[in-house]
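The following report describes selected side-chain interactions and the contact between chains. The sequence and the structure are shown first.

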Amino acid sequence: MSDQRIRFYQTGTFTVGNRLLDPSDRAVQASTARANALTSGHRACQGCGEALGARYVLDAAMRATGNQLIAVNATGCLEVFTTPSPETAWQLPWLHSLFGNAAAVATGVAAAMRVKGKPVRVIAQGGDGGTTDIGFGCLSGMFERNDDVLYVCYDNEGYMNTGVQRSSATPPTARTATTPAMGPERGNVFGTGKSLPLLAMAHNLPYVATATVADLHDLEAKVTCAMGIHGARYLHVLVPCPLGWGHPTDETIRMARLAAECGLFPVFEAVDGEVVSSTPIRRRVPVEAYLRGQKRFAHLFDGPTPDPRIARLQALADQNIRRFRLQPEVTP
Amino acid sequence: MKLPFAITLDPGSSRHNHTGAWRTQRPVYVDRLPPCNATCPAGENIQHWLFLAESGDYRAAWEAILADNPLPAVMGRACYHTCETACNRAKVDEAVGIHAIERFLGDLAIEHKWPAPPCAPATGKKVLVIGAGPSGLAAAYHLARLGHAVTIRDAMPRAGGMMRYGIPRYRLPREIVDAEIQRIVDLGVTLELGVRVDDLPGAIAAGGFDACFAAVGAHLAKRIDLPAPDATRILDAIGLLREIEQGGVAPLLGRRVVVYGGGNTALDVARTARRMGAADAVIVYRRTQAEMPAHEDELREALEEGVQVRWLSTVASLGDGDITIEKMRMTLAGPVPTGEFETIAGDTLVLALGQAVDLAPLRAVPGVAFTRDGSVEVDGALMTGHPGLFCGGDMVPAERTITVAVGHGKKAARHIDAYLRGTTYAPAPKHAPATLERLNPWYYSDAERTVQPQLEMARRQGTFEEVHGGLDTSTALFEARRCLSCGNCFECDNCFGVCPDNAVIKLGPGLGFRIDLDFCKGCGLCAKECPCGAIDMIAEQT
Amino acid sequence: MLKQLECSRAIAEVIARCRPEVICAYPITPQTHIVEALSELCRTGELAPCEYINVESETSALSVAVGASAAGARAYTATASQGLLHMAEVVYNAAGLGLPIVMTLGNRALGAPINIWNDHSDAMALKDAGWIQLFARDSQEAVDLHILAFRLAEELSIPVMVCVDGFVLTHSVEPLDVPSQEQVDRFLPPYHPVQVLDVSDPVSIGAMVGPEAYTEVRYLAHHKQQRALERLPELAAELAVILGRTSGALLHPYRLDDAETIVVAMGSVTGTIEVAIDELRATGLAIGAIALCAFRPFPLVELAQALAPAKRVIVIERSLAPGLGGALASNVRMALQGGAIPVRTVIAGLGGRPITRVSLRRLFTSAAQDALDDLTFLDLDTGAIDRELARWGDQRRSGPSAENLLRDTRRPR
């Protein structure tokens with residue numbers, strides 16, 4: 001810790017750049033030479049977390065690979081808002097095939113690069129629907145074969161492109177168009193949950209990590225690390241959606257930060273199937289601080305007393321904090 | 001390659017689509033007034049000089065201080081730094097140690113003999129400054145830099161005023177005071193010492209001065225009458241400190257010294273008494289610690305050095321080798337006597353009950369008016385009712401600190417300059433405050449302030465060596481970099497990074513950023529994620 | 001050089017000589033022998049460089065091919081039946097993106113009821129996906145069509161499906177000539193994609209296209225197929241010079257001179273039909289046949305010309321379009337629209353049911369006497385059907401028909 005105190009200045013590692021930092025210590029996003037792999041003019045909503053996350057990831061990967069990078073995209077918001085013909089917002093070679101097959105298409109691209117002896121790397125990317133639901137079969141196959149692909153899931157916890165329906169990544173109690181805030185148990189059900197990072201780890205992948213758009217340095221470091229490894233890798237990035245979550249457009253990053261700081265979204269990395277590090281919570285908040293800012297959880301707070309299910313969500317957060325050691329100073 | 005129709009597209013062609021049309025509000029870069037600057041009595045642009053110091057450009061930082069305050073090394077030691085009390089970082093972890101950095105810069109300048117920046121061409125105007133204390137010196141410095149010929153006259157044999165004759169050496173070493181005064185003298189200021197000016201209009205006329213700034217301070221000790229068998233055992237604080245400084249015969253304090261009063265001077269006397277060999281130094285103060293006007297740090301250090309305090313007590317009478325005090329009780333109306341008395345050991349009683357201004361030289365000046373509590377009345381330009389005669393420092397109604405004095409010096413100089421040019425001086429309008437609520441403190445690393453080294457206790461109790469050490473280059477840099485840069489862009493690149501639409505254009509070092517309104521959708525993320533609150537969102541007009 | 005080979009093995013060997021760079025494999029009967037043989041050729045290094053990828057589903061199999069092809073690699077896969085349906089979404093996608101993938105389809109019936117034997121239900125299910133569909137009439141043509149398929153696909157930037165009857169062809173062992181490497185290389189140049197994922201020229205492939213251009217995109221897909229109608233005969237002729245035999249065509253005519261009755265069919269049944277025709281011609285019946293090789297694009301003009309002299313047309317249909325009849329017959333009728341030639345649909349050989357010479361002779365004789373209904377099911381067990389229909393009449397819920405029929409057909413009669 002003392003090293004870090006000396007090394008970083010008024011803003012530590014957390015701002016994008018800083019004139020006082022050595023350029024190599026600044027985020028890729030601080031550089032005017034960044035690739036802007038996803039450039040202006042795209043049709044994402046105001047304050048879109050996914051647009052931000054995709055540029056963060058791809059620019060970091062572009063730097064890590066010396067721009068020797070191809071992206072494969074699943075159907076979804078990211079695909080639709082970037083490539084309505086006749087205009088595309090991508091500035092790297094990019095291929096969209098279908099909703100559920102991005103991982104397999106990426107395998108094909110990687111195979112083509114290998115057979116042709118080109119040192120070009122491949123990223124496959126999709127939303128949580130294209131990853132945790134419809135694309136999971138292809139993804140698991142790509143994982144198991146250890147194909148040389150980094151798969152990036154931009155998780156906004158629902159099918160936002162089709163109008164905010166529930167996915168297997170939608171948190172319990174959240175209101176979506178198919179889990180309305182009606183009936184005795186309003187919002188999404190408490191299932192068993194489905195953690196793609198843990199499923200990826202169950203494939204013994206050489207590298208699995210989670211990140212959010214709120215901690216750019218952490219995110220870029222993980223992308224850079226991932227691009228330094230060959231084989232199947234998985235990165236799960238939380239990207240809040242102002243439309244689907246119902247928060248103001250300027251709170252996208254704050255929501256991602258709160259998700260991590262309350263423990264509901266654990267930020268960690270795993271190597272060969274085992275968690276090797278987690279990003280400690282800097283300023284822990286109760287889940288309520290996170291939930292209250294979002295209309296999708298508004299029904300938890302509209303009664304005379306708060307919904308008792310908030311306690312169950314808090315228990316999930318607490319479990320994450322124990323399981324991923326998100327508060328190292330607190331012994332479990 | 002020739003692309004297949006519609007399905008395959010040229011890179012970056014989306015830039016034809018100007019999403020700026022979606023916008024209902026736009027981000028605007030602003031400068032806000034940080035609390036340190038807002039509260040600095042000397043009007044220092046602290047955030048600005050810290051910004052310069054953060055990059056290691058100490059000379060530029062020091063010169064930025066000098067634009068407002070010619071005495072950084074003194075101020076870094078003797079100022080009670082309201083800036084740090086106001087500092088937004090105090091609510092995050094601990095305030096930035098501004099005074100320590102200022103002192104570091106001041107000492108560095110002395111070490112390297114950096115001169116003050118050059119003066120403007122001579123105006124041919126002459127200004128008389130009465131009093132070589134912080135206020136007079138500051139005024140002389142600024143007037144000289146503005147091109148005026150300045151003469152300072154002071155009744156004491158050496159320049160410095162309260163910096164020399166009021167503040168003990170262990171807080172303010174004299175070589176520091178000397179060095180900073182010399183730098184002002186080096187600008188061409190004439191210093192006439194040991195000259196008391198009793199006939200002010202006469203002196204102005206005789207010297208052919210076009211204006212005068214009087215800042216003679218408040219050197220008359222306030223006294224009370226106490227029953228005492230031997231009046232020589234009652235001393236006044238300011239006189240005592242002055243005598244010690246002048247190096248004459250050390251007054252006989254005895255082994256047990258009682259100091260009456262609760263201001264900083266009381267603490268200075270008590271701590272001085274300890275250094276002069278008093279076994280007991282007891283402060284008697286009629287209220288509680290919460291009401292004590294002395295600075296908290298001064299009290300803490302005094303207690304560390306063995307000074308004792310009798311709270312809620314007044315001195316009733318002096319006996320032979322003892323002093324009788326009466327216990328007080330706090331009420332909403334203030335302390336009231338309880339009728340309960342106690343006798344404590346005491347060889348000497350030092351009264352530290354405040355000081356008054358010697359108004360004699362001004363009494364006869366036409367047009368000059370006085371307040372009921374014995375200060376000189378001045379207008380917003382610090383000018384008295386006598387045209388061309390300005391006053392500042394402890395003489396005018398204000399808090400009596402060295403920093404206020406320096407601030408008066410600067411302010412008076414600007415108004416005198418305007419007066420001499422036949423214009424008026426209007427300071428630039430102040431920016432709106434940079435409040436903590438506007439900041440995004442998550443981005444700042446946890447970094448506790450650097451502790452300045454302190455002299456070991458044995459030497460603090462026996463010698464007049466300076467108690468506080470200075471920062472070194474690395475600790476000063478670290479401390480400067482703890483500044484949050486409240487309300488002013490420090491080029492952290494957050495806005496550039498967090499825009500989902502790449503609509504922030506980075507202009508390069510020192511040039512800041514610009515919003516690309518062709519693409520900015522007005523989401524507000526840049527403003528929300530600006531660590532220092534330097535972006536406002538304003539509604540689009542149509 | 002003729003060698004006694006299983007057709008699947010021969011297909012694998014010719015594929016290898018087409019120098020594919022990425023092969024994706026997922027097992028489904030009856031195409032498995034092809035990809036098994038290819039895995040061997042890759043392991044032994046006979047086929048190199050080539051990435052052989054075992055995937056976890058047909059969707060992935062074709063998706064991997066999509067990625068590889070878009071990245072500039074020559075890609076191949078094979079499937080059948082349910083597998084084709086499983087990848088259906090990708091089948092359309094590959095065509096929409098104009099990726100010149102070659103895929104062997106080991107034609108097989110579709111479930112339920114599950115059935116692993118040959119018919120054309122699978123190919124017909126995806127006939128309008130935008131692929132070129134070529135049907136092999138025999139094992140040798142099945143082998144040769146693959147060379148043609150790669151050349152055509154890459155020239156026009158369109159995927160090609162080579163339809164090879166499951167078991168009947170895929171598993172038959174007979175003397176076959178696998179074109180030599182030199183012969184293949186003479187015919188098939190290296191792959192030069194019209195669009196490719198290239199870091200030095202970074203395009204976006206697979207954009208969303210709205211109403212303003214979607215029709216044009218579809219028109220262009222149709223246009224490519226029309227171009228294939230022109231190029232396929234030219235390329236087949238070129239290949240024939242190299243191989244010394246005719247393989248691939250829009251259609252193969254058989255004994256059409258003065259034929260009053262013309263039988264139209266696709267795939268391996270052609271051989272049986274030709275034998276039956278020879279026998280009937282010997283009795284004086286004026287009958288001939290057309291084996292369609294190109295089903296997509298459909299050679300409307302060429303077929304109409306070939307059928308023009310006929311008095312009647314019989315379509316032997318290897319799949320059923322329930323509620324209509326047959327897909328092939330509908331297409332043939334479209335070729336003959338405006339004319340007066342009647343077209344009869346004969347549903348035959350579903351789910352591997354043998355189409356015998358005897359049945360065909362009886363059918364053709366009947367047809368020549370204009371005694372055929374518009375829609376006929378060859379060798380239908382009408383007894384079993386009648387009993388089941390009676391059961392339906394008795395009770396609304398009578399259990400799964402397939403099982404009932406199976407029980408009935410096994411019941412001693």
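## Salt bridges and their surroundings

B:R256 and B:D347 form a salt bridge in which the closest N and O atoms are 3.0 Å apart. B:R256 belongs to strand β9 (residues 256-260) of chain B, while B:D347 sits in the loop between β14 (334-345) and β15 (348-351) of chain B, so the pair ties together parts that are 91 residues apart in sequence. With a relative accessible area of 27%, B:R256 is partly exposed. The model discussed here is predicted.

Over all chains, a search of the whole structure finds 81 salt bridges. One of them joins the side chains of A:E185 and A:R309, at 3.8 Å from N to O. A:E185 is placed in the loop between β4 (150-155) and α7 (196-202) of chain A, and A:R309 in helix α12 (residues 309-323) of chain A, so this pair ties together parts that are 124 residues apart in sequence.

| Salt bridge | N to O distance |
|---|---|
| B:R256 and B:D347 | 3.0 Å |
| A:E185 and A:R309 | 3.8 Å |
| B:E529 and A:R257 | 2.7 Å |

## The contact between chain B and chain A

The contact takes 50 residues from chain B and 54 residues from chain A. About 4,600 Å² is buried between the two chains, and carbon and sulfur atoms give 50% of this area. Of the area that chain B buries against chain A, B:W442, B:R481 and B:N502 supply 17%, more than any other three residues.

The rule finds three salt bridges across the interface of chain B and chain A. Polar contacts between the two chains come to 36 residue pairs, counted where both residues are at pLDDT 80 or more.

On the side of chain B that touches chain A, α2, α18 (494-498) and α19 (525-528) of chain B each supply at least two residues. The largest share, four residues, comes from α18(B). By class, this side of chain B has 21 nonpolar, 14 polar and 15 charged residues.

Helix α2 (residues 46-54) of chain B contains B:F51. B:F51 counts as buried because its relative accessibility is 18%, the cut-off being under 20%. Leaving aside residues up to four places away in sequence, B:F51 touches A:R19, B:C489 and B:F490. B:F51 and B:T190 are 139 residues apart in sequence, with a C-alpha to C-alpha distance of 35 Å.

## Aromatic pairs

For A:W245 and A:Y290, the ring centres are 6.4 Å apart and the planes stand at 85 degrees, so the pair is edge-to-face. A:W245 lies in helix α9 (residues 242-246) of chain A and A:Y290 in helix α11 (residues 287-291) of chain A, so the pair ties together parts that are 45 residues apart in sequence. A:W245 and A:Y290 are both buried.

A:Y290 also pairs with A:F297: their ring centres are 6.5 Å apart and their planes are at 50 degrees, so this pair is tilted. A:F297 is buried, as is A:Y290.

Residues of both chains take part in another aromatic group, in which ring pairs link A:F14, B:W442 and B:Y443 into a cluster. B:W442 is also one of the three residues named above for their share of the area that chain B buries against chain A.

Definitions and conventions: Residues are numbered from 1 along each chain as its sequence is written. Chains are lettered from A and ligands numbered from 1 in the order in which they are written. This is a predicted model: local features need pLDDT of at least 70, side-chain atom pairs count only at pLDDT 80 or more; totals for chains, interfaces and linings use all residues. Side-chain values use heavy atoms; hydrogens and water are left out. Buried means under 20% relative accessible area, exposed over 50%, partly exposed in between (1.4 Å probe, protein chains only). Contact means heavy atoms within 4.5 Å. Buried area is the accessible area (1.4 Å probe) that two parts lose on being put together, summed over both. A salt bridge is a side-chain nitrogen of Lys or Arg within 4 Å of a carboxyl oxygen of Asp or Glu. A polar contact is a pair of N or O atoms within 3.5 Å; within protein, one must be able to donate a hydrogen and the other to accept it, and residues adjacent in sequence count only if both atoms are side-chain atoms. Ala, Val, Leu, Ile, Met, Phe, Trp, Tyr, Cys and Pro count as nonpolar, Asp, Glu, Lys and Arg as charged, and the others, Gly among them, as polar. Rings of Phe, Tyr and Trp (its six-membered ring) pair if their centres lie within 6.5 Å; planes under 30 degrees apart count as stacked, over 60 as edge-to-face and the rest as tilted.
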